[in-house]
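Here are a few friendly notes to read alongside the structure. Take them one at a time, and find each residue on screen as you go.

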Amino acid sequence: MPIGIEIVYILCYIFWSMEKLLRPKDRILLVLNFLTDLRYEIFPPLSDTLKAINNAFPPDYKRPSFYSAFYRSLNTGEIKKIVKEGKIYYQLTGLGKKKLTRKFPLLKLQKKKWDGWWRVVIFDIPEKESGLRKALVIKLKSLGFGMWQKSVYISPFKVAVDIRQFLVIHRLRDQACVLVAKDIYAGDVKKLVAKIWSLEVINKQYENLIENWEWVKSPAKGLSASGLKKEARKCYSKYLEIISQDPFLPKDLLPANWWAEEVKALVQEWAEYFD
C-alpha cells in the first residue's frame, strides 16, 4: 500500500528527534524499515518524497548530506527501486535490513520468542572513566536492557555474546561481568519487569490512544472528512512517540492486557485518511 508524504514526514521527525547522532544513512534505513514493517511503500514522485523528508531535518542540518546518503544507499543496494504500473517505489532491501539490524539489534530481537533466560550485567566503573560507563549504558539500552539498579541491568534477549564482545573491545572485563540466569528470585517477575521498563505508563498511553480514536470517530464528535484526517495524523504521531519508548519485550513478560497490538491494528485505518 503506497504511503502519503505526510506519514513520511512524521516518521522522519520521530527518528531524527530520537537520536541526533545518527548518520543520514542510518536515519533513512530506519524510516524505510519502519515503513516496510507496516507494509507500506514510499510513493513517487521521488522529488516530492525527498523534499518532504528533507523538510523534517533540523534547521541547521546539512541537507546535501541527506541526498548523497539516499543515492549512496540506492547505489550500494541497501535500497531498491520498484516500478509498478508505471510508478516508482523505494524499499529497504535484505542487505539494508541486515546492516540496520547489525547496528540496531533490537529491531531483530523484538521479533524473537523468549528463551526463558535472563542476561544480567553488573559493573563498577570509576568516575574518572565516566565516558566508558556512559558508552556501556548506551550499548546496554540499544540491546534492550533495563536498569534494575544503578549499576545492574537485565534483559530477556539473547545478547550475552554481544555484551561480552563489547567489554573485551573496551577493556572492561575487570570492571563488568555478564551473567546468564534461568531464574531471578525477586518476587513477581512480571511486576519487576513492569517496574524496570515502566510498562504501566506505556500501556496506559496505548489504551488512551484507542479510546481517543473511538471518541474521534463517534457520531457525537461530528467531524468532517478534513477533521478526521487531522485527528488521524495526531493519533499516528502519538503512536510513533509511544513506540519510541516501548521496549518490545517478549509476550511472556508483558501484562495480560497489553494494548500495543490493538493500536498497531489501527495504523492502516489511520493511513486511509492520509491519501
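Predicted model: local features only at pLDDT ≥ 70, side-chain atom pairs only at ≥ 80, totals over all residues.

1. Let us start with Phe248, which is partly exposed, its relative accessible area being 27%. To find Phe248, look in the loop that links helix 11 with helix 12 (260-271). Its backbone deserves a glance too: phi is positive, about 55°, although Phe248 is not a glycine.

2. Ser198 sits in the loop between helix 9 and helix 10, and with a relative accessible area of 39% it is partly exposed.

3. Now step back to the whole protein. How many helices and strands does the protein have? There are 12 helices and 8 strands. Of the 275 residues, 45% count as buried. The protein exposes about 15500 Å², and 54% of this is supplied by carbon and sulfur atoms. Take the contacts between residues at least 6 apart in sequence: 71% of them join residues at least 24 apart.

4. Next, look at pairs of helices. Two packed helices are described by the angle between their axes and the distance between the axes. Helix 7 (residues 130-142) and helix 8 (residues 160-169) pack at an angle of about 165°, and their axes are 11 Å apart. Angles over 145 degrees count as roughly antiparallel, so helix 7 is roughly antiparallel to helix 8. Is their crossing left-handed or right-handed? The crossing of helix 7 and helix 8 is right-handed. On the helix 7 side, Ala135, Leu136, Lys139 and Leu140 take part, meeting Ile163, Phe166 and Leu167 of helix 8.

5. Helix 10 and helix 11 (residues 225-243) form another pair to view. Their axes cross at roughly 170° and come within 10 Å. Helix 10 is therefore roughly antiparallel to helix 11. Among the residues making the contact are Ile202, Tyr206, Leu209 and Trp213 of helix 10, together with Leu228, Ala232, Cys235 and Tyr239 of helix 11. An α-helix has 3.6 residues a turn, so residues three or four places apart point the same way.

6. Finish with Thr93, found in the loop between strand 4 (87-92) and helix 5 (94-103). Is Thr93 buried or exposed? Thr93 is buried, because its relative accessible area is 13% and the cut-off is under 20%. The Thr93 side chain reaches the backbone nitrogen of Gly96 at 3.1 Å. Setting aside neighbours within four places in sequence, Thr93 is in contact with Gly77, Glu78, Ile79 and Lys80.

Definitions and conventions: Residues numbered from 1 in each chain as written. Heavy atoms only, no water. Helix = DSSP H or I, 4+ residues; strand = E, 2+ residues; numbered from the N terminus. Buried < 20%, exposed > 50% of the residue type's maximum accessible area, 1.4 Å probe, protein only. Contact = heavy atoms within 4.5 Å. Areas by Shrake-Rupley, 256 points an atom, 1.4 Å probe, with all protein chains shown as cover. Axes fitted to C-alpha atoms, helices over the stretch in contact; angles between N-to-C directions. Parallel < 35°, antiparallel > 145°, perpendicular 65-115°, else oblique. Left-handed = near helix turned anticlockwise from the far one by under 90°. Polar contact = N/O pair within 3.5 Å; in protein donor to acceptor, adjacent residues only side chain to side chain.
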